[in-house]
Structures are given as C-alpha cells and as structure tokens.
Amino acid sequence: MPELPALLHGRRGLIIGVSRENSVGYHCARTFRRLGAQVAISYRPSRSAHGSALAARLGCSLHVSLDWNDEPSVTAAFQRIESDWERLDFLIHTTVHTPPRTLNRPLTELSSQAFSSALSTGAYSLIAAARHGAPLLKRSSSPRLVTLTSAGDSFVIPGYHVLGITKAALNAGVRYLAHELGQHGILCNGLSFSLVDTAGATQAIGADAVGRARAHLARTAPTHAALDMEQVTLMTALLASAYLRNVTGQIITQDGGYSQVYFKGDAGLLSQLRRGHAGNP
C-alpha cells in the first residue's frame, strides 16, 4: 500500500471483533494504524491469547476481551477503555457469529437456539456496543459508529441464510441508532461490500466458492475488478473519519457497481447487448 495521508491522525477508536489475522477487523486495524489512529481491539474471551498476540502485531497497546452474551464482560471492557482513553472518536463493529453446523443445513432446520445465537452476536452486539460506547463517543468532536455488512442483507446467497437475516437486522439497527444518536453528533453508518477473501468468507461458503464468486464479480462488475481488502478498509476509514459530515443512517454499497447491473448471470448476453448498443448509436 502506498504512503497515505494521515486521514485518522489524532483519532482513537475501538475495532470490535478482531479474532483472527485474515479478518476484516484485523485489516481495518492495520490500515487505521497506518492512517494515524490509536486503535484498541476486542476479541472473544476464548481467543484471548491469540487476540493479545494480534494486538502486539498491530501495535495496539489497548486490547480487551468481551463476550456479548455476558453483560459484566462488556461493561468491564468499556470501563477499561474509558479508564485508559476517556473518549472514543470511532467505534467499528465487525462482529459476526456462525453457530457450528449451521450454514450447511437448510434454514427450516435451524433451531431457535442457533438462530438466536447468530442474531444476538451478529446484530444485537451493535446495539450493546452503542449503549456502552455512546458516553465515550459523546466526548469526541466528531464521533462515528460504523458496522460492516454484506449483500446477503437484501439478496439470497446460497449457504448464507441466517447470516443474511442477521445482516438485514444489523442494517435496521444502523437506521434506528442513527435516529437516536444523531442529536449527540454521532454518525452511524454501515458499509456493505462485495466478497473479499477472508477466513470468515471461506468458513461460510468454502474456499473454492470464494474464488469462483470473486472471478464472477470481476467479470460482471462495471469496474471489471473484484474488491480487495485495502479498498474496503480505506472506505471504512473514511466513514470513521472527521471528514465525513452530515451523513448518517446509510448503508453504503462498495461492489464496483455490481449491484446496479441488471443482467448479472449471463456474460454472453451482456456481450451481445454491448455489441448491439455499439451498432445502434
């Protein structure tokens, strides 16, 4: 990555959900550090040792473990952040949870417990983070709350069912939080980005499917390019920056224009339509 201006210089914030190296949260933390931010990360208690190692690799001196299903754990984590930093300028939510043996089964066979677990960790955690983080964000002159979502919120992605439902709930949460927190100057937005090669994507749909899906995106998107991780993290940084003004309650799509193309599945038809248009100015 080339040298970048200090977009986040002097800003400090928490990135929630950095539990593995090849995750969007980890890459966001790395990019944010390069852009001049002080970054704290959180991870699941079951991955504390690994999370501490990732924090050291990222140069994040402040890192906390928290369990969204354990209120005292969440309270303790934010108290630690308040004690060390006093304020937050941004809060980035990347948390997602897939109960074991969930995505390889039909949605109609999902238990209430598995569904609730995915929805609570993936969507309610944003609301809990806003509740605990709002007092710290209010102390910032330009507070930002950002969550990461996907096209599964609006479109069917095979093998993604409960996560897609969770993302839809997450997006609704963004809108309602924007309405509640806007009076305090806290801008709340989501970034819906097309498939990037992460450990989570591989776990959800498989490595082969990830590669084939990205190739399809590259063929079909108007930019003729699939997203790379740097593009996603830079867009997230912009949403977390003080340069974002008077934009809230939005789910911003970053997919090279793929979502705006009507004929997505038939490359031959697209080619034919282009030739016909060229011959009929």
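What is the relative accessible area of His-224? For His-224 the value is 48%, so this residue is partly exposed (20% to 50%; buried means under 20% and exposed over 50%, with a 1.4 Å probe and protein chains only). All views show a predicted model, in which local features need pLDDT of at least 70 and side-chain atom pairs count only at pLDDT 80 or more, whereas totals for chains, interfaces and linings use all residues. Residues are numbered from 1 along each chain as its sequence is written, and side-chain values use heavy atoms, with hydrogens and water left out.

View A. Helices (H or I, at least four residues) and strands (E, at least two) are DSSP runs numbered from the N terminus. Arg-101 counts as exposed because its relative accessibility is 65%.

**View B. Leu-66 is a buried loop residue.** Leaving aside residues up to four places away in sequence, Leu-66 touches (heavy atoms within 4.5 Å) Ser-42, Tyr-43, Arg-44, Pro-45, Ser-73, Val-74 and Ala-77. Pro-45 is 21 residues from Leu-66 along the chain, yet their C-alpha atoms are separated by 5.9 Å.

**View C. Helices H1 and H2 cross in a right-handed manner.** The axes of H1 (residues 24-34) and H2 (residues 48-58) come within 10 Å and cross at roughly 25 degrees. Axes are lines fitted to C-alpha atoms over the stretch in contact, with angles from 0 to 180 degrees between N-to-C directions. H1 and H2 are therefore roughly parallel (under 35 degrees). A right-handed crossing has the near helix turned clockwise from the far one by less than a right angle. Tyr-26, Ala-29, Arg-30 and Arg-33 of H1 meet Leu-54, Arg-57 and Leu-58 of H2. The contact comprises four nonpolar, no polar and three charged residues (nonpolar: Ala, Val, Leu, Ile, Met, Phe, Trp, Tyr, Cys and Pro; charged: Asp, Glu, Lys and Arg; polar: the others, Gly among them).

**View D. Helices H4 and H5 also form a right-handed crossing.** H4 (residues 112-137) and H5 (residues 161-181) have axes that come within 9 Å and cross at roughly 20 degrees, which makes H4 roughly parallel to H5. Residues of H4 in the contact include Phe-115, Leu-119, Leu-126 and Ile-127, and those of H5 include Val-162, Ile-165, Leu-170 and Leu-177. By class, this contact has 15 nonpolar, two polar and no charged residues.

**View E. The largest nonpolar core has 32 residues.** Such a core joins buried Ala, Val, Leu, Ile, Met, Phe, Trp, Tyr and Cys residues through side-chain atoms within 4.5 Å. Ile-15, Phe-32, Val-39, Ile-41 and Phe-193 touch the most other members. Elements that each supply at least two residues of this core include H1, strand E2 (38-43), strand E6 (187-193) and helix H8 (229-240). The contacts of Val-39 beyond four places in sequence include Ile-15, Phe-32, Leu-62, Trp-85 and Phe-90. Another core, of 29 residues, lies apart from it, with Leu-14, Phe-78, Leu-137 and Leu-170 among them.

Definitions and conventions:
Angles under 35 degrees count as roughly parallel, over 145 as roughly antiparallel, 65 to 115 as roughly perpendicular and the rest as oblique.
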